[in-house]
Each structure stands twice: as C-alpha cells, then as structure tokens.
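Dear colleague,

Please find the structure below, handed over for your work. My notes on its charged side-chain pairs follow.

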Amino acid sequence: MNSRPATTDTTADSRDTSGKIQRALAQPALFDGGPRRVPLQQAVAPLREEAAKYLVERGFTSRPLPLEELHHHVSAEDQAWTAERLSRPSCELASASPGLLAAYHDLVRLVAREVLGFDVVFERTPTIRFHFPVPAPQRFRAPDGTLLAHHSDILLGDYFEQINMWLPLTDAAGSACLLATPFETSIEVLRAFAASVGHDFERFRTGRTAFYELLVSDDALRGKLCAACLPVPVRWGDLLMFDPRVVHGTAENREDTTRVSIDFRVVPLDAYERLVAEDAGKHTIEGHAAVRGGFYDERSAFQL
C-alpha cells in the first residue's frame, strides 16, 4: 500500500460549525473499488489452529474442525446470539487464549511491514466472532423484519483515519458473508445521517443507535442502503481492508455453514500521534481511552 490515509481535523467536540464532518466525508476513499483483498492463507493458518484449540479447551466442542461445520458440533445454547456478541464462544482474543493473541500479533506485524509498508497502532484485543446459522435477535430490525445491522465504525467513535481489517477464518458465501456498501453510497448515506443530527459532531460520532433509527424511519434511505450493501464472498485467510466510512454489517446467517472471523482496526502511527495530541488523550472508543495501553496496544506494529 505504502500510502497513508489523508488526515482530517475531527477532534473538536462541538457542533460542526467549521465543517469537520463535511471535510472528513469528502476525503477520497482509502481503497478504490471497495474493500482491498489480500490473500494471507499461510499467515492465517496459525489463527485457525489456535481458534480450534480454544474451542476444545473451553469445552464448546471436541470436534472443532473444520470450523465451517461447527454448528453441527456446538450446542444450540452456545450458538444463540447473546446480548453483546454473536454467540457465547465469541470473545476478545485476550480472554480466549494466549496462543490466539500471539498469532494475532504475528499477523499485525506482517500486515504493517509487508502489506501497508508503514507503522501503525493496532487494536489491543479484538474479538473473534462465531456466526452460526441461527435466528438473529429482534433488535435492529426493519419494519418488514429484515436485520438492520448496518453501521460505519466512525459512528462508534472510531477515528476517520483508521483502516478497518476483517479477517475470515472460514470460507463465506451468501448470507454468511460480511455485507459492504460501495464507498460512494456509504458517503451519501452518512451525509444524510449527519444532516439528521444537525451536523453535531458528537452526536454523529456516537450515533450508532440513531443511525439505525433513521434507517427504520426513512424508507427511501433504507431501501437505497439495503439494495447497495451486498455480500462479499471470501475464502479463509483473505484479509479485507476497507475505509472506516464504508457502511457494512452482518446478515442473518441462513447458510449451512459457520462463519468465524476476527475484525480489528489500525491507525497510521503518525496520524495517531497527531490525534492524541489534539484531543489530549480524552477520546474514547467502545468505553476505552483511545490511546496506547487503552483501546490500542502499548506497542506499535513495528515494535512487535
């Protein structure tokens, strides 16, 4: 890649009187043509092995492989969606096993040095997600019952400068896929949402629930988004890198397969240092301080 995302002044915490949201949404896409796919099967194989060990060690199953067939060997109770995650086996890597966390660190180092070509700060303990073919809960539903898990990570407080990484540990097709919206449509939808919150920067960057409520109430906007947000078929080990402004989500898995994936976020080191200096380290992401040792690991990728 060898080119850093453009930086934008997005650190103030008041209404968007100086056009922070507009400028951030006007920046060019990080990757032309949608998510960039990087085949990393050899590097990802240790993560698959460690995921299988974790399932056995925690007593979820004695037959973890192939991962795509887990739904035949894991109890219905463990497959069900929970209040916070896709299923009971889904958890932060640090809570799963030291082996999974070590394999993740190896992958981050490889991605920074050989794929991106520059140093980054990276999510300290991302989540491994087990997406079983079971009914999703009734929250985040459209009036017609369609699951509306669509979101952009910038509505969860994530930095506009970050790069989203989504790593499947299983093949995925159809409704088991990650859903992603073309960049141009994502920006159009996010501009509509910004207008709906009066271009208030704080309401925008913490607007995950308000975004869902807008989709429920605006039939035309919901129709445009759902028609454009399509499955991204993958083979296991195909790392997807995409712009944080891309609206994406998870569908209700109706396939005869289990999807296992890890998603994590990185920010170019130079952009991170500028952002922390500008907001005095007060910003939070998902309840954690957006600093090294908080949401991000204490080390940079090149220090691993």
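D297 counts as buried, because its relative accessibility is 7% and the cut-off for that class is under 20%. D297 forms a salt bridge with R299, with 2.9 Å between the closest N and O atoms. Please note that the model is predicted.

A further group of charged residues deserves mention here.

The side chains of E68 and R48 meet in a salt bridge, at 4.0 Å from N to O. E68 lies in the loop between α2 (41-57) and α3 (76-79), while R48 belongs to helix α2, and the two are 20 residues apart. E68 is buried, with a relative accessible area of 15%, and R48 is buried as well, with a value of 17%.

The side chains of R88 and D78 also meet in a salt bridge, at 3.0 Å from N to O. This pair links the loop between α3 and β2 (91-92), which holds R88, to helix α3, which holds D78, across ten residues. R88 is partly exposed, with a relative accessible area of 45%, whereas D78 counts as buried at 10% relative accessibility.

For the structure as a whole, the count comes to 21 salt bridges.

With kind regards

Key. Residues are numbered from 1 along each chain as its sequence is written. This is a predicted model: local features need pLDDT of at least 70, side-chain atom pairs count only at pLDDT 80 or more; totals for chains, interfaces and linings use all residues. Side-chain values use heavy atoms; hydrogens and water are left out. Helices (H or I, at least four residues) and strands (E, at least two) are DSSP runs, numbered from the N terminus. Buried means under 20% relative accessible area, exposed over 50%, partly exposed in between (1.4 Å probe, protein chains only).
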